[in-house]
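Student: Could we go through this model together, a piece at a time? I'd like to ask things as they come up.

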Amino acid sequence: MSWREELQSASFRGTPFFVDQASGEGARRVVVHEYPLQEKAETEDLGARAKRILVNGYVLGNDYFGARDELLLKLDMPGPGELVHPYRGTFQAQLISYRLTESTREGGMARFDMEFIEAAFVTGPSVRSDTPRRVLGQAEATVAASQAQFVEAWPLQLAAEFDRAVATVLDAVRTVETVIGVVTVAQDEIAGLISLPSRIANRIRVALKRIRDLASLRRLFAYRAPAGSNTRGALANAAALSALVQQQAVIAAAELSATVTFDSQTQALGVQEELADAIERVSYAADDTTFDALQELRARVVEDIRSRAVDLSRIERYTPSETMPALVIAQRLYGVANGIDALLGREADIVNRNGIAHPGFVRGGVALEVLSD
């Protein structure tokens, strides 16, 4: 293939223009140290300067005013944009300056002398608190407070309510284990634990720790244990067990949130709001010590998710103007600066996020859900 066949039609932010010529400039950032009585200087290389991309372009035609104004609008937009360079291909570029020239002698034409640099996204060093560890540490303290509340609330004398207490605990443990998908508890086993409330609490805690997705834990946020009767003892048993399961499920969800990876800022902040509300609700049935521990856990969860959400992409809407492959949409939105593997990952995200049947044919005029860069 000849070089003429490889030339691409120039454009910036999707607005086309013609090119007379294009050139580039590069240099090193060098500090020269000169010393008395020394014939030679010492040099210190601080790295390359940003390479300048110089493009002499133009738009023309009897109605060139419209094309001129559209290109001016795109050049005046803030931030980097997609530049299609006729000789170097497509990449993200930051405009540094431009000069517009129009003359009567060259009627029907507007010339643009544009200077760009290739945009690079450099992340500098930063210091961050280990917010996930704070969540996990506070979760352990909150578990201890919640279990102590349950032990205190569970009655010592259960002779009159023994069968109902067994049924209530059996229902709670089986409900939790059903969420996992494996029911192992037996009625005789629970009967042996009825007088040991700390072991009941530990059994529920262990089962909850095996749940590894927030959606499953969410089903237990509003758990209500069956009382079996309206007697004071049965109602007290059910209330204590309901509070235990709800609190322990919310705590397990807070722990899980500190370990999961969110794919967007929108998802992360949604989980943050949901967990903050859930912790607030279960706090209503807590004693003073557990209430304080839950409120501290709520603060740690909000701090953790907010700090991690800062670097995540937001979910935005993008409507392609015509039917095209998902890979082309990904290239237009994100460029190729991060390599082909990253671009293919972006394509897959667009396809999966929007339930596209065939990645080669994404319908034009239909809004898509995409991640911001």
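Tutor: Helices here are DSSP runs of H or I with at least four residues, strands are runs of E with at least two, and both are numbered from the N terminus. The model is a predicted one, in which local features need pLDDT of at least 70 and side-chain atom pairs count only at pLDDT 80 or more, while totals for chains, interfaces and linings use all residues. Residues are numbered from 1 along each chain as its sequence is written, and side-chain values use heavy atoms, with hydrogens and water left out.

Student: Which residues of α11 are buried?

Tutor: In α11, which covers residues 326–334, the buried ones are Ala-326, Ile-329, Ala-330, Gln-331 and Tyr-334, where buried means under 20% relative accessible area, exposed means over 50%, and partly exposed is in between, with a 1.4 Å probe and protein chains only.

Student: And what covers them?

Tutor: The cover includes strands β7 (81–85), β8 (89–101), β10 (315–318) and β11 (368–371), together with helix α12 (340–354).

Student: Where does Val-362 sit, and what does it touch?

Tutor: Val-362 is in the loop between α12 and β11, and it counts as buried because its relative accessibility is 2%. Leaving out residues up to four places away in sequence, Val-362 touches Glu-322, Thr-323, Met-324, Pro-325, Ala-326, Ile-329, Ile-356 and Leu-368, contact being heavy atoms within 4.5 Å. Ala-326 and Ile-329 are also among the buried residues of α11.

Student: Switching to α4, how many residues does it have, and what follows it?

Tutor: Helix α4 (residues 162–180) has 19 residues and reaches 27 Å from its first C-alpha to its last, close to the 27 Å expected at 1.5 Å a residue, the expected span being 1.5 Å times one less than the number of residues. After α4 comes Gly-181, with a positive phi near 105°. The buried residues of α4 include Val-166, Leu-170, Val-173 and Glu-177, and what covers the buried residues includes α5 (187–191), α6 (197–209), α7 (214–218) and α8 (232–257).

Student: At what angle do α6 and α8 pack?

Tutor: They pack at about 35°, with their axes 10 Å apart; axes are lines fitted to C-alpha atoms, for helices over the stretch in contact, and angles run from 0 to 180 degrees between N-to-C directions. The residues of this contact divide into ten nonpolar, one polar and three charged, with Ala, Val, Leu, Ile, Met, Phe, Trp, Tyr, Cys and Pro counted as nonpolar, Asp, Glu, Lys and Arg as charged, and the others, Gly among them, as polar.

Student: How about α3 and α10, what is their angle?

Tutor: Helix α3 (residues 131–153) and helix α10 (residues 288–309) pack at about 160°, with axes 9 Å apart. That makes α3 roughly antiparallel to α10, since angles under 35 degrees count as roughly parallel, over 145 as roughly antiparallel, 65 to 115 as roughly perpendicular and the rest as oblique. The residues of that contact divide into eight nonpolar, eight polar and six charged.

Student: Last one: is Gln-247 buried or exposed?

Tutor: Gln-247, in helix α8, is buried, with a relative accessible area of 1%. Beyond residues up to four places away in sequence, Gln-247 touches Ser-146, Gln-149, Val-282, Ala-285, Ala-286, Thr-290 and Leu-294.
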